[in-house]
Structure formats: structure tokens, C-alpha cells
Amino acid sequence: MKSDVLVIGAGGAGLVAALKAHEAGAKVRVLCKEYPTRSQTSMAQGGINAALANVSEDSVEAHVQNTLKSAHGIANEEAVRLLCESAPEAVAWLDSIGVCFSRTKDAKIAQRTLGGASAPRACYAQDYTGLKILHTLYDRCLACGVEILNERYLLDFITNTSQTQEVFVNGASVLNIRTGEVEIYESASVIVATGGYSRIYEKHSTNATGSTGDGIAAAVRGGARLSDMEFIQFHPTALKGSSILISESARGAGGYLLNSKGERFTNELAPRDEVARAINDEMQKGEEVFLDIRHLGEEFIDEELPQERKLAKLYENIDPVYELIPVKPVAHYTMGGIEVGIDSQTKVRGLYAVGECANHRVHGANRLGGNSLLELIVFGKQAGENAAKYSKNFKPGTDLTLQTTDLLAEIQEFTDEINFYEKREFIGNLFYEKVGITREGKGLESALEEVITIHKELALMGPKDKSKIYNTNLVEFIEFKNTLELAEIILTCAIKRAESRGAHFRSDNRVQNDELYKVHSIAYKEDNAYGVKYED
Amino acid sequence: MKIKIQRYGTDFEIKEYEVDLQDATLLAVLNEIKTTQDASLTYASGCKSSVCGSCSVRVNGKEVLACGYKVKEGDLIEALKNVPLIRDLVVDMDKALSFNAKAKAWQSFVSKDVSLSQDDEKRNELQSDCILCGSCYSACPVYTVNEEFLGPFSLTRVWKYVSDARENAPQEKIETIQTNGVWDCTLCNECTLVCPQNISSKADIEKLRSKSVIAGYSDPNFASFGGGFGFDGSPIF
């Protein structure tokens, strides 16, 4: 069952990493909680940034500067430069494997403007950009014969300590959801590509149900460090009733934001943190907020934004060709994640991280639209190649233990006196209210107390369903357990950062304080407890 | 509102549930049942916005995405057909998806610097909207007679690549789909009727048949009966 490179998660980041590790000659195995094409990447709509200047003038330097500005001082310029400089090549590669990008009249890849960008820079495929990239990557993996095992849910990474006292990874334990059995996958290196943690906000999130930070929670348990966990992006325009995403490209194309009086109140194409706060301010005043794309016309909407029209009709019962779309900001993307170096490796040797679960320090305090799909391709390639290289030189030296804690047996003892779904909903509401678009010291502290109390009651919860076969009640409980662990870390980081920066806005400390806080928060586990500190 | 769900696990039974939700999607109703009434109810879901393809089920016999279907009183919810049932509404898609690889539904070579026009891109824009939900596969009647049929979504995917200006070995793809492929389809159009993305695999299969004929292949069913026409001039199948 051994592999050179084990990839956990099969969204865009995981599949690119798998392909590149395979191309580098490694024996690759991919494990996936659901099926690859069901990943969060399928939901990305707006586009992938690259300064191609296909539509109007643009430059890599402008891309770098826009990204740095939006990051509010806590991006790593070297990593941002790598990201932006590699972007044209990344898009060319996607084009070469068959991604159906929309085209301009002169047969170039079409580009549009997203928030915070000084030029139309996002390459797109209608508003199905993520879907078409993900499916093409999946087809490519099939063409290359990459092994993908579906419905395997990550429990923990398996680590060992070398003679020089270095912690290194040696595989992972997973739950085979179909059989209910725990499986051990031994591997010289592991790439974690399991996505973000926006589902802590439960129904107040655009994300798929699986975005529960499983890989991030397992990484910190396994000895890796997390960074900048307090930075969570709220997307300005989700459908009011269902939290379903309406792409930024609707505003990029000229859509307006209106309040109940029909007035515009903000620059619709500012970065997401600013627009989300402007909407939130209006809502605090008792206004309703609407997205208006009626003036773009039916033909344009059907050509460029077909999915938006379909979703608004289905979930809000309105047709945006003729009517205003009621919107609200909800949790959309988590900037924080597993700390990695510029080589994508974590503090645990041989454990790499990529995609939303990783923090490559390219988004800083606020991500720009169109940079996350880009990150998957650029760093996915790098993580895959580096993991393959690492595995070739990997010599364990000593006998390895493949011991894991028996989480499932432990959970079997839980008493199910409290319905964890109620607590999950409670935490979602609590986070939206207290750890949302604006935060305040006292509110954060009371939220932390609530989370700690619920965490202590975990043994009184547990799955009601005791079946071995395909027990989603059990999987959802472990997901909930992971989000609780991350919730404590997020809150500790958010309390400590007594300033406002990007997506972290403190109503009790409204100013960016570079003297004290132009640093990264680092969360780690030591002696069975979590700690948080700052590092440059 | 009452709905019925075909359960499959320790028991195989139709269970009735009552929920107090208005104008709700089926997925919202399933979530309500699972979180408040019956934690053992098993189904798949993901994006809740009709793009990940996780939650396809059958309602009163017709394939829908649970997140995109508004529930009506008395609806009967069942798992997809033609695929192994794992539990309740969850099916094993591995074999169905394996037909993508059997059909070689990918671009044959990495092809750099091929310039695509707007018309080139439009040619398979619709086919590249596929979310692999499996609705077409479930609705396809061919599987009752041929379990190895490459099937609607895989053949749509082949058309997507064959029709792409970047594909430089389309003949090889056409050859692959001669067995258990385009000629096994009955052109009944059930796949088209259930596709949540408005794709017509039937139409794509017809286009692949035309390409096959141009490439010198013919309908083996036709050939095995000697082909041609009956005495009254009607085609013999």
C-alpha cells in the first residue's frame, strides 16, 4: 500500500500536485473525502488572474502591487512575485490541457475585471471557471493513470521522530466511509490539499458542506503550525436567503450595489473586505442591500453570467434580468491555514500543504478575487514537484511506527445526550455575529468561552447512528470536532490582534497598527495545548 | 408536508417523514430530517448550488439534484438507478465514472499555442458544463441490456474533446467508442430530459455517429442484419 507521494484532497490544488508529482516520476496516490469533481473548486466562478493584457494594458508588476495592497502588509513579497510571475505560464498550461476558457473576438483568452484589480486580469469560462478547470484536471489525471481513491476521510497524519529529533510524516490514517474501516496509507511524503474552514459559519457561508478544515486541524495535531487563522474573507454578494454565491464578475461587468432607497453607497470594485464592510454598515442602518445587473441586459447576462441567473431564479425566486438581487456578505474564503515555506513544506518534514488549507502568505489579510484558482495551479505544481523530490531522497533510517490514536473507538464511548447538530448551528450563528465582518474584543472573548464550554461537552455528543456502512452522521461529527478545534485557535488569534487589518476589522480598534501587528500569528500545539505567538 | 424516502441499509423500506418547511429544496428537507429527526438518514451533498453534482437522486422516478428541486407533498425519493446502492440515497459512482477512462475522455496530447476562436470555444461550451452528477447514467435504459455501455456522460465528454480544436488525435477517440459506445445508444433521449445542465448526450452521440461514419465505421447492428431496407422500403433494425 506504499506510495512516494500521498495527496489528500482532490480539488484543484490536490489534482495539480498529483499530476506534477506523477510527471516527476513519483508513485502517487490521491485520497478524496468525496469524489474529485465534487470539490469546492467546482464552485469558483469569477476567474483566474494572469497579467496577459489580452483585453487592455496590464503587467505582472501591476498584479504584484494590487495583491500586496489588498494583503495589508502581511504578504510575503517573494511569494507574491512567484505567484504573479508564474501566472501566464499557469494559464497557458491549463489552456494546453483543454480548459474551455471564454475567448475574445481576436481568439485570445478573454479577461475581466474583479475587485481590487487595476486591469481586466481574470481569465474565465463564463461563470463556471472553477468547474471547467477542475473537470479538465480530473480528465488529465485519468489520462495519466493517477490512482484516486474516493470516499476516504482523513483522520490523522502519521508522524515519526528522527534521530536528530525532527518530526517527519510517514502517511495518514483515514476512514473508508463506505466500509467504516480505518485504513493506513504509508507514504514517504504527504501533500495536504483539503480546503478551507469557512463552514465554521455553517449556513452563513458560500462554501460546500465539506469545507470544515479537516486537513488543517489534523496538521496542527500532527505538529505543523498554522498561521493567520483570524483572517476570514466575507464575500460581499451572497444570495440573502440561501448564502449562495453571486460572483464578483457581476460587479466587474458593471453591476451596482443599491440600498433600499435605490442609492449606490460604495465603490463596487474595491477589495472584498471594504465592500463587505460597506454593505454591513448599510444593513446595520436597517437598509436592505441589492445587487442590480438589470442594465447589463439579457444577452450579456446569458452569455457571461448564466449560472448567476439560474441560481437567483432557483434560490431567491427572482430573475436578475428584470429584478434586483437581495444580497448579504457571508464567509467565503479563509486566508489562514497551515504554515508553509515558499517550497510548500510545513514544519513537519515531508508534509506539504497547498490550496486554501495552506498559507503561502500571498493573500495576507485579504485575498483578491481570481488569485485563489491561480494559487492552486502555481503552488500545486511546486508542492507536487517538491514532494516527489523529497520522497526520492527519503530514507527513514529507523523502524517506523504506524501507530495512530483510535479516534473512532473513543467516539464510540460518547453518550449522545446532546444533539451536536444544534451546537454546530449555534457555533455558526455565534461566529457570524461575533467573529464576522466586524469584531469587538468583548464579543470575541465571550465567543471563546462559549466554544470552550461546547468543546468540553463533546463527550456528551457523538454520532447517534452506530452503523459502520457509510455513516455520514459520524463523518459530520468528526468534521464538527475539527471545526471546534480551529474555532478556539481563530478566536485566540482574533482576540490577540487588537487592530484592524484587511478582513479582520475590530470596531474597538479601527486602525491598522503596523508597529505592533505587522506580523503573522502562529498557532501550534505543545504538550497537548494550543499556543499562539507572533512572528515576522 | 410529508415525503417518502426509500431507505436501504439494515432494512429496505419506504419511510415517511413530516417536515414543516415551505418552498424548500429537497436538500433542505433532507438536512432538516437528518439534523432533527433521524440522524441515520444517508445522502450525499456538497455545494448546495447545483454545480458539484453530489446530490442527484430520483423523485417520483425522475432524476433531479436535491439542491435544485422544490419538494412537493407526497414525493417519493429514491437513489439513482444503474449504480450499486451503498446506503439509503447514496450510490457507488466508481464504475460509472470509470467509463470516462475507458472512453479515453481526455485531450490526447498537451497541445501548446493552439489559438481558439470564439466559435471554436462555443462548439463545446455546453458539453463542458457537465457536472458528472450521474442523472443521465441513471435514466439510461441501455444498462438493462449492456452493463458495459460507455454511457451518456462519458460519450458527451468524448464529444467535448473530439470537437475541440486542440485535440489532434480525434480518430483514435472515434475508434475507442465503436465498442459499447455510440451504436449501443437507442437515441431514446431520456438522458436529455433529466440533465440539470441542459446537455443532450443523445445529440452528442448522434454527432459522434456522424463522425464515425465519416471515418469509415458503420452501425454494427445494421450490418449484422445485412443492412438495407425491408420489402416495403422501411429500414430494418
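## Domains of chain A

In this predicted model, the C-alpha centres of domain 1 and domain 3 of chain A lie 23 Å apart, and the contact between them takes 22 residues from domain 1 and 24 residues from domain 3 of chain A, two residues being in contact if their C-beta atoms, placed from the backbone, lie within 7 Å. On the side of domain 1 of chain A that touches domain 3 of chain A, the elements that give two or more residues are β7 (152-161) and α5 (214-221) of chain A, and α5(A) gives the most, with three residues. Helices (H or I, at least four residues) and strands (E, at least two) are DSSP runs, numbered from the N terminus. The residues of this side divide into 11 nonpolar, five polar and six charged, where Ala, Val, Leu, Ile, Met, Phe, Trp, Tyr, Cys and Pro count as nonpolar, Asp, Glu, Lys and Arg as charged, and the others, Gly among them, as polar.

The division of chain A gives domain 1 (3-47 + 127-231 + 335-393), domain 2 (237-329) and domain 3 (407-498), with bounds that come from an automatic or database domain assignment.

## Basis of the model

Residues are numbered from 1 along each chain as its sequence is written, while chains are lettered from A and ligands numbered from 1 in the order in which they are written. Because this is a predicted model, local features need pLDDT of at least 70 and side-chain atom pairs count only at pLDDT 80 or more, whereas totals for chains, interfaces and linings use all residues.

In chain A, five strands form an open sheet of mixed pairing, in the order β17-β15-β10-β18-β19, where two strands pair if DSSP finds at least two bridges between them. Strands β17 (358-359) and β19 (529-535) of chain A stand at the edges, each with a single partner strand, so one side of each is left without a neighbour in the sheet. Strand β10 (residues 226-227) of chain A runs antiparallel to β15 (residues 337-339) of chain A and is joined to β15 by two bridges; A:Leu226 has A:Ile338 in β15(A) as its bridge partner.

A:Asp228 is found in the loop between β10 and β11 (232-239) of chain A. A:Asp228 is buried, with 26 other C-beta atoms within 10 Å; a residue is buried if 20 or more other C-beta atoms lie within 10 Å of its own, exposed if 12 or fewer, and partly exposed in between, with C-beta atoms placed from the backbone. Leaving aside neighbours within four places in sequence, A:Asp228 has contacts that include A:Ile74, A:Met335, A:Asn359 and A:His520, and the C-alpha atoms of A:Asp228 and A:Ala523, 295 residues apart along the chain, are separated by 8.4 Å.

## The nonpolar core

The largest nonpolar core has 225 residues, of which A:Ile191 and B:Ala66 touch the most other members; such a core is a set of buried Ala, Val, Leu, Ile, Met, Phe, Trp, Tyr and Cys residues joined through C-beta atoms within 7 Å. Helix α14 (residues 472-496) of chain A gives the most to this core, with 13 residues.

## Chain B and its contact with chain A

Chain B has nine helices and seven strands, and buried residues make up 47% of its 237 residues. In the contact between the chains, 42 residues of chain B meet 38 residues of chain A, and α2(B) gives the most to the side of chain B that touches chain A, with three residues.
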